Amino acid sequence: MTVSPRTDRAGAKPGDRTLRGVFSDVEAYYSARVAKHGATPLGVDWSCWATQNLRFVQLLKLCDFSGPFALNDIGCGYGALAAYLAMRHATTAIDYLGVDLSQAMVRRARRRFSGSGRRFVVATSSPRVADYSVASGVMNVSLGHPREVWEDFVATILREMRRASRRGFSVNFINADIDTAHDLADGLYRTTAQRWIDFCEGELGCSVETIDGYGMREFTLLIRCNEPAAI
Amino acid sequence: MGDYIKDSTTSDILVQLNKRFDAEHLPEMVALQKEFKVFSAKHTLRQSFALLGIVPTDASEREGWFYFLDQLHKYKSDLPNVTGHDRWVKVIQKNLESATPRPVATAAHAAADDLGLKVTQGKPLVFSSDEHIIVSVPTTPKGQVKPRGAKTKK
């Protein structure tokens, strides 16, 4: 299969003001969070270090740690995944690239974690193709956008992750019991696994494994690319 | 608690503890314990609660909360030769690693009545039929604790 070439903003069509507005809102929201809470789990909207890292455990089940690989961290925030990798997978050589919309986040990430094999960039999508891409919590806070607009944003992110991944990518979502038009009243996007399995298999030509039952009201999708991305 | 943190902070902490260990959140705690061994002899309560984000909402109270947790090393418990600190760690660890973990309710009692940390079982919530493990922490009201670092007269 082929994947669309990269466009100006994470796959957004030129002139797509709605999607640009979503990216802008997301950037403003997380910049405000990190300004208020600093480089802490609360600064990226997670309740604590432990739950944040339990999500990393699930997302990284995609990766083969027996050899070196390159990893894109989409929505990297202040670089918590880089710290986690150093703590738990120090023996594997990982070429890590953190990508975030927020300059404030990336500034903190660089200050704390930049080093050999660890870089951070401000961007809406990864500027490179890596073996794997992961995104934790990027799809959850919908900031009052209508469901169809938010799902367009999610689809855009997933297409871009597919484009930027040779072997696969993984993401997590808040679980909804049934895939109905949730009113997003609390500002959170909930969905079913099937909604995005269908998208990843049908549109992106990938195979998908669902991880759940890890004690949280969410699920993780491990999405494996059946063919290399066409660059 | 008591003299180490404000009364409002004690309420804040008890609410957090009772929420994170209630029946609804128990699967999350079990998963965290399985993956990270949050509660074990390798971690102090200060470390465990910090990892779980169970800290005063008022940031200026955090050192007082951690100081109190450290002080539990000097407290007795309802088990001989086990400190209040270690008793709390072990009961949570054992519960979360058991085949049938239970929700944990945290309460406070007057240190004047019993100086030790106590663990019992029961149904402390009138609106719930869930059997809980109940950890009760001795506390002394403000003004009745000697200042930090003060020496006892011999």
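**Strands, crossovers and the chain contact**

Modeller: Seven bridges join β5(A), residues 165–175, to strand β8(A), residues 218–225, and the two run antiparallel. Keep in mind that this is a predicted model.

Biologist: Which residue in β8(A) is the bridge partner of Gly168(A)?
Modeller: Arg224(A) is the partner of Gly168(A) there.

Biologist: What else pairs with β5(A)?
Modeller: Strand β4(A), residues 130–135, pairs with β5(A) in the parallel sense over five bridges. Strand β6(A), residues 190–191, is also parallel to β5(A), with two bridges.

Biologist: Which helix goes with β4(A) and β5(A)?
Modeller: Helix α5(A), residues 147–163, makes a right-handed β-α-β unit with those two strands.

Biologist: Switching to β2(A). How many of its residues are buried?
Modeller: Six of the seven residues in β2(A), which covers residues 94–100, are buried, so the strand is largely enclosed by the rest of the structure.

Biologist: Which strands does β2(A) pair with?
Modeller: Strand β1(A), residues 69–74, is joined to β2(A) by six bridges, and they run parallel. Strand β3(A), residues 118–122, pairs with β2(A) over five bridges, in the parallel sense as well.

Biologist: And who stands opposite whom?
Modeller: Ile74(A) stands opposite Val99(A) of β2(A). Asp100(A) stands opposite Val122(A), which lies in β3(A).

Biologist: Which helices make β-α-β units with β2(A)?
Modeller: Helix α3(A), residues 80–88, makes one with β1(A) and β2(A), and that unit is right-handed. Helix α4(A), residues 103–113, makes another with β2(A) and β3(A), also right-handed.

Biologist: New topic: how many residues does each chain put into the contact between A and B?
Modeller: Chain A gives twelve residues and chain B gives eleven.

Biologist: What part of chain B gives the most?
Modeller: Helix α2(B), residues 26–36, gives the most to the side of chain B that touches chain A, with seven residues.

Biologist: What classes of residue are on that side?
Modeller: The side of chain B that touches chain A has eight nonpolar residues, one polar residue and two charged residues.

Terms used: Residues numbered from 1 in each chain as written. Chains lettered and ligands numbered in written order. Predicted model: local features only at pLDDT ≥ 70, side-chain atom pairs only at ≥ 80, totals over all residues. Buried ≥ 20, exposed ≤ 12 C-beta atoms within 10 Å, placed from the backbone. Helix = DSSP H or I, 4+ residues; strand = E, 2+ residues; numbered from the N terminus. Pairing = 2+ DSSP bridges. Right-handed = clockwise from strand over helix to strand, strands pointing away. Contact = placed C-beta atoms within 7 Å. Nonpolar A, V, L, I, M, F, W, Y, C, P; charged D, E, K, R; others polar.
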